[in-house]
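Have the viewer open and follow along.

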Amino acid sequence: MGAGHDHSHGSSGKLTDIDHVGIAVRDLDATVAWYEQMFGATVAHRERIESDGVDEALIKVADSYIQLLTPYTDTSPLAKYMEKNGEGIHHVGYRVANCDEVLEHVKSEGARVVDEHPRTGSRGTTVAFLHPKTAQGTLIELVEE
Ligand code: CO
């Protein structure tokens, strides 16, 4: 425990924080309006993530985000996911200090991964996804700020 250092407080092993919860929605603007109406929440960041074929709106909650996601093209993996599963929680982003190191570790421990190597995510972060198949059904994203 680092004395009085907020960012070390509450971390568990390599996981230093919940970076975000990714939620798949059909209508991004309507969902943003809903969060505003229900909770008085405001959008901290919007971005088109071309590598994933999605538009995102980030709502900041303490040091974490709610990541609202909608596909902007039919070829987006999220579009295919939503055809089967509809709207709802899609993935959880865990913050790590070193994405590459954690990715190599989970691979060496037998986890199946979506990304063999870290890549650039939203907000200029470095990210990599673990496959839900070997992660108890949860799509996990490692996020290095
Ligand atoms: Co994400």
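A residue is called buried here when its relative accessible area is under 20%. Keep in mind that what you're looking at is a predicted model.

Start with helix H3, residues 99-108, where Cys99, Val102, Leu103 and Val106 are buried. These residues span an arc of only 100° around the axis, which is why they end up on the same side of H3.

At its start, a side-chain oxygen of Asn98 comes to within 3.2 Å of the backbone nitrogen of Asp100. After H3 comes Gly110, with a positive phi near 100°.

Now for the sheet. Eight strands make up an open sheet with mixed pairing, and the order is S2-S3-S4-S1-S5-S8-S7-S6. Its edges are strand S2 (43-49) and strand S6 (119-120), each of which pairs on one side only.

S8 pairs with S7 in the antiparallel sense over five bridges, and here Ala128 stands opposite Leu142. With S5, S8 pairs in the parallel sense over four bridges; in this case Arg95 has Val143 as its bridge partner.

Moving along the sheet order, S5 also pairs with strand S1 (residues 17-24), this time in the antiparallel sense over seven bridges. Val21 and Val92 are bridge partners there. Gly88 is another residue of S5 to click on. Is Gly88 buried or partly exposed? Its relative accessible area is 23%, so Gly88 counts as partly exposed. Gly88 touches Gly22, Ile23 and Ala24, leaving out residues up to four places away in sequence. The C-alpha atoms of Gly88 and Ile23 are 5.4 Å apart, although 65 residues separate the two along the chain.

Strand S4 (residues 64-71) has Ser64 in it. Ser64 has a relative accessibility of 16%, so it counts as buried. A polar atom of the Ser64 side chain lies 2.5 Å from the backbone oxygen of Ile18. Beyond its neighbours within four places in sequence, Ser64 is in contact with Asp17, Ile18, Asp19, Ile59 and Arg95.

Finally, the metal. Which residues coordinate the cobalt ion? The donors are His20 (NE2), Gln67 (OE1), His91 (NE2) and Glu141 (OE), at 2.1 to 2.3 Å. Along the chain they follow the spacing H-x46-Q-x23-H-x49-E. Of these, His91 in strand S5 (residues 88-95) and Glu141 in strand S8 (residues 140-144) link distant parts of the chain, being 50 residues apart. Both His91 and Glu141 are buried.

If you're thinking about the geometry, the angles among the four donor atoms run from 84 to 169°, and the site is irregular. A tetrahedral label would need all angles to lie between 85 and 135 degrees. For reference, the ideal angle for four tetrahedral donors is 109.5 degrees.

Conventions
Residues numbered from 1 in each chain as written. Predicted model: local features only at pLDDT ≥ 70, side-chain atom pairs only at ≥ 80, totals over all residues. Heavy atoms only, no water. Donors = N, O, S within 2.8 Å, 3.2 Å for Na, K, Ca; no water. Tetrahedral: all angles 85-135°; square planar, octahedral: opposite > 155°, others 65-115°. Helix = DSSP H or I, 4+ residues; strand = E, 2+ residues; numbered from the N terminus. Buried < 20%, exposed > 50% of the residue type's maximum accessible area, 1.4 Å probe, protein only. Arc of directions from axis to C-beta. Polar contact = N/O pair within 3.5 Å; in protein donor to acceptor, adjacent residues only side chain to side chain. Pairing = 2+ DSSP bridges. Contact = heavy atoms within 4.5 Å.
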